[in-house]
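Open the model in your viewer and keep the selection panel at hand. The stops below run from the whole chain down to single residues.

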Amino acid sequence: MKTAVLGFGTVGAGIYEMLSQAKGLEQGPVLVRPGKDDAPFKKTSIEAVLSEPGVEAVAEAMGGIEPAFSYAMAAIKAGKHFVTSNKALVAAHGIELSAAAREMGVGFLFSAACGGGVPFLHNLSIAVESDDIVSLGGILNGTTNYMLDAMQRRALSYGEALKDAQKLGYAEADPSADVSGLDALRKIVLGSAVAYGILPTEGLYNEGIEHFTDEDVKRIQARGLTCRLVAKCAAVPGGKVYAYVEPVLLKASAAECSVLDNYNLARYEGKCSGPMVFIGQGAGRWPTASAVLRDLDCLLKGRLYMLASDCREGSADNEACRHSYYVRLPGSFTGCFEVKSYSESDGVAELITKPMSVKSMHELATRLRAEGADIFFAELEG
Ligand SMILES: NC(=O)c1ccc[n+]([C@@H]2O[C@H](COP(=O)([O-])OP(=O)(O)OC[C@H]3O[C@@H](n4cnc5c(N)ncnc54)[C@H](OP(=O)(O)O)[C@@H]3O)[C@@H](O)[C@H]2O)c1
């Protein structure tokens, strides 16, 4: 199957190279920007790419929403299968792309968009065919896992951990989507669409790691706990899901604590299968390109879709999910919490809340921060 590649960066160049060695696949043209067409296989317009004889599939690795969406629609309407590693594109337009692909009888797969090389969405999309998914989630952002691990195992400050991650190419110059939890949120939204046929676009919450300090590391280590940034999602009554990202404090025996450096851990629990856990490289040229190649191989074998035909947009209900939180904040701001335990030293309070909803905790933190409080909060698991 001759496959065109859109974008010749980290992932696109990896896909192009892997196509030359893959059974049943063949290198097609590559879309680059004008001025970068320094080889015969490089083209500078989507029309030139799609009109190349024999192209049956298009693999998008440009990133962003436009022109990726227009090019995706053009490819699908020209009767080409479409695969992508672009989570922003699928989170924004996955349902339209899936419907258009079904109408044209071509495939639409995106397993590289969540978990990079970790075969999470691929396996989840197979599992839903024969099992009910109880819950899904995990460590879906390698950059923040690298930083949290560096802060807790190597005692680096937040700033040092971020610089290190940037030096190693894990974090972008602008790391805000990673450290705010937004990147992981976009990925869990795709997991929800695959597992439950609901792509939530509203009612979502993401708390990242920006408020986690080296002093917090000492405090939670004194409690024998480890912090990881975790995405969670499950179906709730009323045809909705909960879906959110927040720091979680875990006991050493939790699988997440053994996930070091920039690795990802993605998990789902099937009603019949029980828990399934996948650990691997969530990003990088070869792991990500290998996931795209797996999707292309699925197309060859007739597996064309990851989204059900009735998949729809919806809103998340994060009021439905409740647990206790660990909260560190100025002693003068503790009055709005119902607490299980409380301690205060030098004006800094640490408290464990009674179970409260994800929505209430995230909204309370936003309000107290607007009033000037410096707060770190994390879910207490178990
Ligand atoms: N890198 C990873 O490890 C990883 C992992 C999982 C998923 N992804 C996803 O994969 C996608 C690509 O990521 P990447 O890391 O490969 O990014 P990248 O290295 O920046 O590559 C993107 C390439 O696409 C080109 N491009 C962008 N817009 C274009 C246009 N309109 N026409 C032609 N070429 C265009 C860029 O060219 P210019 O340089 O000229 O702008 C660049 O060469 C993103 O959606 C990302 O979220 C990446």
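Helices here are DSSP runs of H or I with at least four residues, strands are DSSP runs of E with at least two, and both are numbered from the N terminus. With that in mind, select Asp261, which sits in the loop between strand 11 and strand 12 (263-270). Its phi is near 50 degrees, a positive value in a residue other than glycine. Asp261 counts as partly exposed because it has 14 C-beta neighbours inside 10 Å; the scale calls a residue buried if 20 or more other C-beta atoms lie within 10 Å of its own, exposed if 12 or fewer, and partly exposed in between, with C-beta atoms placed from the backbone.

Two notes on reading the model. Residues are numbered from 1 along each chain as its sequence is written. The model is predicted, so local features need pLDDT of at least 70 and side-chain atom pairs count only at pLDDT 80 or more, while totals for chains, interfaces and linings use all residues.

**Whole chain**

Zoom out to the protein chain. Its secondary structure comes to twelve helices and 20 strands. The C-alpha atoms fill a box of roughly 70 × 45 × 35 Å along the principal axes. Buried residues make up 49% of the 382. Of the contacts between residues at least 6 apart in sequence, 72% join residues at least 24 apart, where a contact requires C-beta atoms, placed from the backbone, within 7 Å.

**Domains**

Colour by domain: domain 1 is 2-109, domain 2 is 120-281 and domain 3 is 322-380. These bounds come from an automatic or database domain assignment. Domain 1 and domain 2 have C-alpha centres 29 Å apart, and six residues of domain 1 are in contact with six residues of domain 2. On the domain 1 side, the touching residues divide into four nonpolar, one polar and one charged. In this classification Ala, Val, Leu, Ile, Met, Phe, Trp, Tyr, Cys and Pro are nonpolar, Asp, Glu, Lys and Arg are charged, and the others, Gly among them, are polar.

**Ligand shell**

Which residues are closest to the ligand? Select Gly7, Gly9, Gly63, Asn86 and Ala283, the closest of the 21 residues that surround the ligand. The shell has nine nonpolar, ten polar and two charged residues. Helix 1 (residues 10-19) gives the most to the shell, with three residues.

**A cis peptide**

Go to Pro67, in the loop between strand 4 (55-60) and helix 3 (68-77). The peptide bond from Glu66 to Pro67 is cis, with omega near 10 degrees.

Select residues 182-196. This is helix 9, whose 15 residues reach 21 Å from first C-alpha to last, close to the 21 Å expected; the expected span is 1.5 Å times one less than the number of residues. Gly197 follows, with a positive phi near 70 degrees.

Now select Asn141, in the loop between strand 7 (133-139) and helix 6 (142-153). Is Asn141 buried or exposed? Asn141 is buried, because 31 other C-beta atoms lie within 10 Å. Leaving aside neighbours within four places in sequence, Asn141 is in contact with Asp178, Asp183, Ala184 and Leu229.

**Leu249**

Leu249 lies in strand 11 (residues 240-251) and is buried, with 21 other C-beta atoms within 10 Å. Not counting residues up to four places away in sequence, Leu249 touches Ile220, Leu225, Cys227, Tyr326, Ala378, Leu380 and Glu381. For a distance check, the C-alpha atoms of Leu249 and Ala184 are separated by 17 Å.

**Two exposed loop residues**

Ala173, in the loop between helix 7 (158-167) and helix 8 (176-179), is exposed, with 5 other C-beta atoms within 10 Å. End at Asp346, in the loop between strand 17 (339-345) and strand 18 (348-353). Asp346 has a positive phi of about 50 degrees although it is not a glycine, and it is exposed, with 5 other C-beta atoms within 10 Å.

How values were computed. Two residues are in contact if their C-beta atoms, placed from the backbone, lie within 7 Å. A residue is near a molecule or strand if its C-beta atom, placed from the backbone, lies within 6 Å of it.
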